[in-house]
Amino acid sequence: MDDRFQQPDKYESARINMVTVQILDRGISDTAVLRAMRKVPRHLFVPPEYRKEAYDDYPLPIGYGQTISQPYIVAFMTAAAMPAPQKKALEVGTGSGYQAAVLAETVKEVYSVEIVPELAKESAGRLAAMGYKNVKVRFGDGYKGWQEYSPFDIIIVTAAAEQVPQPLVEQLAGNGRLIIPIGAPQEVQELILLEKINGKIEKQRLTFVRFVPFRRL
Ligand code: SAH
């Protein structure tokens with residue numbers, strides 16, 4: 001990220017406090033994730049009228065019926081993905097671009113797919129203006145992943161699907177981790193972790209979440 005977007009900004013103390021109270025105190029200890037969450041200016045990813053609430057403990061509307069996830073959930077999913085500086089990540093559901101920015105601070109490259117064309121365009125512009133050079137955003141149906149840049153060490157899906165899209169499983173690297181909310185839309189979903197170990201898929205249930213529905217083109 002460019003220096004001009006770096007701290008201090010007028011929300012810095014709110015952001016540091018958000019990380020302590022909502023994330024660290026709830027048991028997330030991955031230092032790279034905590035560092036990213038302290039750095040990324042979340043208030044620049046929400047519509048101006050919600051800026052004052054950007055560091056509060058809930059999701060916020062970003063237009064087009066979509067939301068930016070609660071900060072804790074972003075931290076939880078990023079930590080569950082086990083980011084590391086050499087890893088390549090795919091995100092399905094760019095939305096505001098915030099999760100992509102948090103990933104970009106913790107891995108080598110991020111590829112993010114968004115099904116609402118306006119959101120894909122806005123978030124690509126926002127991330128570029130902030131100086132993120134290791135994030136690529138494209139409009140499309142993330143069900144199909146992003147074959148060209150596969151395999152991915154990390155795949156994070158930020159919309160609730162009924163089932164795990166098979167192309168995503170195929171685009172997961174060996175020892176890769178896929179995090180996805182599974183369940184009916186408008187209901188509580190389960191956040192699932194799939195790990196590819198020696199070519200086999202191992203599944204773990206992580207927690208309960210509430211995401212906007214996964215759509216298809
Ligand atoms: N990660 C986002 C929050 C996303 S909300 C952030 O940090 O702001 C979920 C997003 O997933 C919405 O923008 C929605 O349009 C998108 N989405 C839903 N189904 C999709 C699909 N099949 N492919 C790509 N994006 C999808």
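Select Y149: at 21% relative accessibility it counts as partly exposed (buried means under 20% relative accessible area, exposed over 50%, partly exposed in between, using a 1.4 Å probe and protein chains only). Keep in mind that this is a predicted model, where local features need pLDDT of at least 70 and side-chain atom pairs count only at pLDDT 80 or more, while totals for chains, interfaces and linings use all residues. Residues are numbered from 1 along each chain as its sequence is written, and side-chain values use heavy atoms, with hydrogens and water left out.

How do the rings of Y111 and Y149 sit together? They are stacked, 4.2 Å centre to centre with 15° between the planes. For the rule behind that: rings of Phe, Tyr and Trp (its six-membered ring) pair if their centres lie within 6.5 Å, and planes under 30 degrees apart count as stacked, over 60 as edge-to-face and the rest as tilted. Y111 belongs to strand β4 (residues 109-114), while Y149 is in the loop between β5 (135-139) and β6 (152-157), 38 residues apart. Helices (H or I, at least four residues) and strands (E, at least two) are DSSP runs, numbered from the N terminus.

Then bring in R138, which lies over the face of W146 at 4.9 Å from the ring centre. A charge sits over a ring if NZ of Lys or CZ of Arg is within 6 Å of the ring centre and within 35 degrees of the ring normal. For another case, pick R26 and Y72: the charged end of R26 is 5.3 Å from the centre of the Y72 ring.

The pairing rule gives eight aromatic pairs. One of them is Y11 with Y55, a tilted pair at 6.0 Å centre to centre and 40° between the planes. Y11 lies in the segment before α1 (12-24) and Y55 in the loop between α2 (31-39) and β1 (60-63), so this pair ties together parts 44 residues apart in sequence. Both Y11 and Y55 are buried.

Slide along to α1 itself, where R15, M18, V19, Q22 and I23 are buried. What covers them? Among the elements doing so are α2, α3 (71-80) and α4 (98-104), where contact means heavy atoms within 4.5 Å.

Next, show the ligand. Around it are 26 residues, the closest being E91, S96, E114, G142 and R215; a residue counts as near if one of its heavy atoms lies within 4 Å. Zoom in on S96, whose polar side-chain atom lies 2.6 Å from a ligand oxygen atom. At Q99, a backbone N or O atom is 3.0 Å from an oxygen atom of the ligand.

Last, some backbone stops. Most residues other than glycine have a negative phi, and most peptide bonds are trans. Select S150 and P151: the peptide bond joining them is cis, with omega about 5°. P151 is in the loop between β5 and β6. Hop to Y64, where phi is near 60°, a positive value; Y64 sits in the loop between β1 and β2 (66-68). Finish at Q186, with phi near 65°, in the loop between β7 (172-182) and β8 (189-197). Q186 is exposed, with a relative accessible area of 65%.

Key
A polar contact is a pair of N or O atoms within 3.5 Å; within protein, one must be able to donate a hydrogen and the other to accept it, and residues adjacent in sequence count only if both atoms are side-chain atoms.
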